[in-house]
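This briefing sets out the architecture of the model shown below.

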Amino acid sequence: MRKILAIMLLGIGSGIAALATGPLPSPEIDPASVGSALALLAGTLLVIRGRRRK
Amino acid sequence: MLGALFSIELLAVTLWLDDAVLIGKPGLSGVIGTWGAWMLRAVVAFAVFFLTFAWLNYRPALQIAARDAAESGVNGRFLAAHAVSILGFGVLASLLYGGLPSRPISDLVALAWLMAGLSAIACGGFALIQPSFWLRIAGNTGYLWMIAFGAVILACLTGNSSRSLWPWAAGITFRLTRLLVSPFIPDLIVNPATMVIGSRRFLVEIAPECSGLEGVGLMLAFGVTWLAFFRKQCRFPQALVLLPAGATLIFLLNSVRIAALILIGNAGAERIALGGFHSQAGWIVFNLIALGFTAAAGKVPWLANVKSQDPAAASFENPTAPWLMPFVMILAAGMVSHTLTGDFEWLYPLRFFAAVATLVFFKAVYKRRNAGFDWRIDWFGPAIGIVAFIAWIGLDRFVSPGAETMPAPLAMATPFARNAWLTFRVLSAAITVPVAEELAFRGFLYRRLLSADFESVSFKKLRRFSWVAILVSSVIFGSLHGSRWFAGAVAGALYSLVLLRRGRIGDAVAAHATTNALIAVDVLAFHHWHLW
């Protein structure tokens with residue numbers, strides 16, 4: 001399991017690297033806000049899906 | 001640890017080498033310059049496709065292979081071969097990218113460089129998982145590697161050719177924007193040749209990148225991922241209709257966004273239009289459509305595998321909300337305040353009030369020590385907070401230096417406005433942000449990484465060490481700190497250690513609050529404004 005996570009981490013690192021090679025101007029989707037925007041979406045989805053029957 | 005090491009190697013290589021140097025050169029060097037970035041993207045995409053679908057469809061086989069590989073340990077010989085290959089790769093790269101005199105030598109070095117790179121990747125992979133296990137994974141996953149390879153080729157071709165769609169899509173966006181704006185601006189200035197539209201007061205040019213296709217791509221990526229992961233909750237093929245629906249909606253709303261931008265600018269708020277609104281509106285639209293997508297996929301009976309029930313008859317609880325909502329509300333308030341302000345975030349206090357309101361709302365829950373909310377603190381938290389502050393300042397020298405003066409809008413404001421803004425900024429940094437972030441990252445995410453039922457991981461049990469949970473939660477925490485992501489990850493790891501010592505969320509909050517308070521003192525007393 002740890003090795004799978006290590007490979008996933010490698011994939012994430014590779015993803016960062018791949019993105020770093022070809023930055024594109026993106027006025028429609030501002031890359032500077034990607035972290036907070038996706039954190040907001042993920043947080044909201046986790047809260048919504050955390051609802052359960054008593 | 002090896003995964004992290006390989007990632008750092010790859011990132012360092014990518015930041016060091018610039019393919020643009022080789023573009024236009026003859027022979028193999030020129031081929032690398034033109035296609036190097038695409039080859040790297042293809043490798044990444046292949047890994048993502050293969051691992052995602054192998055995990056979804058062949059999980060038992062993958063788990064068995066992973067268990068066998070874990071028992072075998074790291075192969076030292078392959079690790080040494082990887083190190084030698086990386087060294088050779090680095091030396092050859094400095095020759096290749098430094099410029100070589102003649103074509104035969106250049107081609108030879110380029111070929112050796114490629115071989116060294118491939119050898120480094122292969123040996124790195126074999127050091128983690130031995131060749132026989134890779135073969136077993138390939139055997140157990142059938143033709144998946146071929147499907148993944150085909151998907152990568154298709155994705156690269158589609159991604160490249162989609163750029164040719166930009167002008168066409170921008171034309172549609174231009175006409176839609178014109179349609180939306182014309183009722184509000186009688187003397188509308190329209191120039192289809194230059195894609196310029198607006199009023200005498202405020203004109204915008206709809207660039208190809210603004211065509212709406214970025215949002216479409218993001219929406220399709222989100223939608224496909226969601227449907228793949230929650231496929232058991234969806235009804236197929238009906239649920240697939242959500243993909244074109246979401247893509248169409250985000251494309252149309254891009255025109256609404258540009259129309260709103262023009263109207264805001266025309267109304268005299270050029271700074272807001274070009275500043276906050278321009279950068280945030282796209283994300284607000286995406287988040288709203290994504291939430292609508294998930295709601296439809298999970299609730300609409302035609303699309304979802306849901307049993308009809310009387311919602312009034314059932315009562316619900318949400319154990320996640322007290323841990324995450326303060327952080328979510330700060331992010332939402334930040335997005336709103338960014339959108340409504342121009343070059344300076346005057347509405348920052350919104351974040352403070354949003355956090356306070358949420359914390360007050362869950363006040364009764366936070367008093368339950370048996371639910372994990374232990375707010376007691378001792379000396380250890382603040383002490384580690386000081387260490388995190390020193391690390392933060394020490395690592396800051398590696399980040400490009402920022403302004404050492406107070407932002408101009410704040411300096412020019414009235415003393416009352418300036419002091420009021422600074423008061424809320426400091427209160428947020430020292431109180432609400434540490435509470436919200438520690439609840440979210442150490443209280444929730446750390447335990448969620450250990451178990452899907454995060455409540456089952458009690459804080460006493462939390463004292464058990466998990467490097468993976470510390471690493472992943474800290475890296476995600478760090479990624480929200482922009483260019484200071486590494487310092488953020490280090491601070492996050494330190495706060496995790498504080499929590500692990502006694503299993504008290506209060507200790508982690510005290511550590512985080514100490515760091516942030518010291519940063520605030522550094523900013524205000526020594527004018528290191530770039531730290532904010």
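Buried residues make up 24% of the 54 residues in chain A, where a residue is buried if 20 or more other C-beta atoms, placed from the backbone, lie within 10 Å of its own, exposed if 12 or fewer, and partly exposed in between. In chain B, 34% of the 532 residues count as buried. The model is predicted, with local features requiring pLDDT of at least 70 and side-chain atom pairs counted only at pLDDT 80 or more, while totals for chains, interfaces and linings use all residues. Residues are numbered from 1 along each chain as its sequence is written, and chains are lettered from A and ligands numbered from 1 in the order in which they are written.

**Secondary structure**

- Chain A contains 2 helices and 1 strand, helices being DSSP runs of H or I with at least four residues and strands runs of E with at least two, numbered from the N terminus.
- The order of these elements in chain A, from the N terminus on, is α-α-β.
- Chain B contains 21 helices and 4 strands.

**Helix α12 of chain B**

- Helix α12 of chain B covers residues 321-340, 20 residues in total, and spans 27 Å from its first C-alpha to its last, close to the expected 28 Å; the expected span is 1.5 Å times one less than the number of residues.
- Because 15 of its 20 residues are buried, α12(B) is largely enclosed by the rest of the structure.

- The domain assignment divides chain B into domain 1 (2-142), domain 2 (164-299) and domain 3 (340-531), with bounds from an automatic or database assignment.
- Between domain 2 and domain 3 of chain B, the C-alpha centres are 34 Å apart.
- The contact between them involves 4 residues from domain 2 of chain B and 4 residues from domain 3 of chain B; two residues are in contact if their C-beta atoms, placed from the backbone, lie within 7 Å.
- Of the contacts in chain B with a separation of 6 or more, 72% join residues 24 or more positions apart.

**Nonpolar cores**

- The largest nonpolar core has 92 residues, and Ile330(B) and Ala440(B) have the most contacts inside it; such a core is a set of buried Ala, Val, Leu, Ile, Met, Phe, Trp, Tyr and Cys residues joined through C-beta atoms within 7 Å.
- Domain 2 (164-299) and domain 3 (340-531) of chain B each supply at least three residues to this core.
- Leaving aside residues up to four places away in sequence, Ala440(B) touches Trp323(B), Leu324(B), Phe327(B) and Leu445(B).
- A second, separate core of 13 residues includes Ile32(B), Ala127(B), Leu128(B) and Ile129(B).
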